[in-house]
Amino acid sequence: MTKYITDLKPGELIQIVTSLQEPVYRARQVSAWVYQKYARTFAEMTDLPASFREKLAAKISLHCLEPVNEIKALDGTVKVLLKTPEGSTIESALMLYAPGAGRPRTTVCLSSQVGCVIGCLFCATGQQGFIRNLTAGEIVDQVLYWQRYVKDNPNDRGEGADHITNVVFMGMGEPFMNYAAVWQAIESINSPEEVGIGARNITISTAGLVPEILKLSQEKLQVGLAISLHAPDNALRDKLVPVNRKYPLERLMQACREYLLKSGRRLSFEYIMLKGINDSVAQAGMLARLLAGMNCHVNLIPANTTDKGKYQPSPMLVVRAFQAELERGGINCTVRQSRGQDIKAGCGQLKSRFTQ
Ligand code: SAH
Ligand code: SF4
C-alpha cells in the first residue's frame, strides 16, 4: 500500500531517511519542501541529491488527493472536490475574509469522513450515507492543497493573509467519529515543523458526541470547539440531529459545562435557522435558558437549502427577532452569512461557516 508523507507520525520521516543511509537533516529539508514550500513533486526539491529523491519516492508519495472539480462563488469562497486514492470524493473549501474586517484570515473548511453516519435531516452529507473515515494524511493533504492554491492564485487570498491562517472541521463528516485520525492531523497542522497553524486557529465542529467532548477537554492543545445544536429541546433535536437520541441535551449540556471548566476556553454553538422549524421567539427563549451562565457564543446560520428542498432558510427578519431574544437572555450571538451560497449545488453541503 502506498505510504503518504502526510500520514507519517513525528519521527517516522527521520526513520525512513536514515534507513536510506542519509543524514537526519535531510528529513527536515523534505518536510520544509512539503509543508513550507508546498512542493507537488520530488522533482521540485532541487537541493536534494537526485539519487536520494529517487529512493525516497520509492518509499513514500507526496499527495493522496487529486482535484476533480473546482468552483468559485461570487463571495470569493472556493470549493474543490477532491478524489481519494480509491476514487471516493470529498469536498473542501477556502473562505476569504473581506479586507478591513479585522485581522486578515484565510480559512479552510476540512472534511473528516467520506459521508457521515449521523444522518442529520437538513444536511446533504448526512443524507448521502457513510463510506469511510479519512486518514490523517488525507485530512492534512486538504490543507496542503489550499496552501498551493493560495500561493498560485494571489488574487484569491485574503489581503495580508498569503497562507492558510485558520482551519475548521466543518466539511463532510463527523470529526468525533474519527477522533484518532483527526487528532493526528491536528497535531501535524499545528506542528511548527509541519503546517504550523496555532491551536487557537483550529476549530472542531461536532454534532454532540459526549465522550469525545470530554476527551477533547483533556487534550493539551487548546483547539476550539463548536457544537452543532440546531434545536433547544430533545423532541426536535431527536429528529434533526439523530445522535441526540444517544446523547440527549441534558447529557450534552453537562459535557459542555465540564469542557468549559476543564479547558478554560469558550464554546461556540452553531444553530442553523430552519424556516418554521426551529426559529420562533419562544424557541430562542428556550435556547437562552439552556445556555444560561455558560461562557459561550451562538452562531446563527441561515440554512443552505439541500437538494431535497424540504428545509428553507428563515427570513432575515425572523433571524433578527431570534437573535434579539437570545441577547435579551444574555447570550452572545452573531448572525453568520453562509458563504458560497451560489455554488452549493452538486455536492455535499458547502455551507462554509466559521466560528468566532
Ligand atoms: N459533523 C459536524 C461537522 C461537519 S457539519 C457537525 O455536524 O458539526 C458542519 C456544520 O454544517 C454543522 O454545524 C452542520 O450542522 C452544518 N450544516 C449541515 N447542513 C447544513 C445546511 N443545509 N445549511 C447550513 N449548515 C449546514
Ligand atoms: Fe454529519 Fe454534521 Fe451533516 Fe450531521 S451535520 S449529518 S453530523 S456532517
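**Reading a buried loop residue and its neighbours**

Reader: Let's start with N278: which loop is it in?

Author: N278 falls in the loop between β10 (267–273) and α10 (281–291). Helices (H or I, at least four residues) and strands (E, at least two) are DSSP runs, numbered from the N terminus. This is a predicted model, where local features need pLDDT of at least 70, side-chain atom pairs count only at pLDDT 80 or more, and totals for chains, interfaces and linings use all residues. Residues are numbered from 1 along each chain as its sequence is written, chains are lettered from A and ligands numbered from 1 in the order in which they are written, and side-chain values use heavy atoms, with hydrogens and water left out.

Reader: Is N278 buried or exposed?

Author: First, the scale: buried means under 20% relative accessible area, exposed over 50%, and partly exposed in between (1.4 Å probe, protein chains only). N278 is at 0% relative accessibility, so it counts as buried.

Reader: What does the side chain of N278 reach?

Author: Look for polar contacts: pairs of N or O atoms within 3.5 Å; within protein, one must be able to donate a hydrogen and the other to accept it, and residues adjacent in sequence count only if both atoms are side-chain atoms. Here the N278 side chain reaches the backbone nitrogen of L274 at 2.8 Å. A polar atom of that side chain also lies 2.7 Å from the backbone oxygen of I272.

Reader: And which residues does N278 touch, not counting those up to four places away in sequence?

Author: Contact means heavy atoms within 4.5 Å. By that rule N278 touches H230, L236, Y271, I272, M273, Q283 and F322.

Reader: H230, then. What is its phi?

Author: Some background: most residues other than glycine have a negative phi. H230 has a positive one, about 70 degrees, although it is not a glycine. H230 sits in the loop between β9 (224–228) and α8 (234–240), and it is buried, with a relative accessible area of 5%. Y38 is another case, with a positive phi near 55 degrees. Y38 is in the loop between α2 (25–36) and α3 (50–59) and is buried at 14%.

Reader: Which residues come nearest to ligand 2?

Author: A residue is near a molecule if one of its heavy atoms lies within 4 Å of it. Of the 10 residues around ligand 2, C116, C120, C123, G126 and A207 come nearest. For classes, Ala, Val, Leu, Ile, Met, Phe, Trp, Tyr, Cys and Pro count as nonpolar, Asp, Glu, Lys and Arg as charged, and the others, Gly among them, as polar. The shell has 5 nonpolar, 4 polar and 1 charged residues.

Reader: C116 is on that list. How far is it from F130 in sequence and in space?

Author: They are 14 residues apart in sequence and 4.5 Å apart in space, C-alpha to C-alpha. F130 lies in strand β6 (residues 130–133) and is partly exposed, at 38%. Beyond four places in sequence, F130 is in contact with Q113, V114, G115, C116 and V117.

Reader: Last one: how many helices and strands does the protein have?

Author: There are 11 helices and 12 strands, and buried residues make up 58% of the 356 residues.
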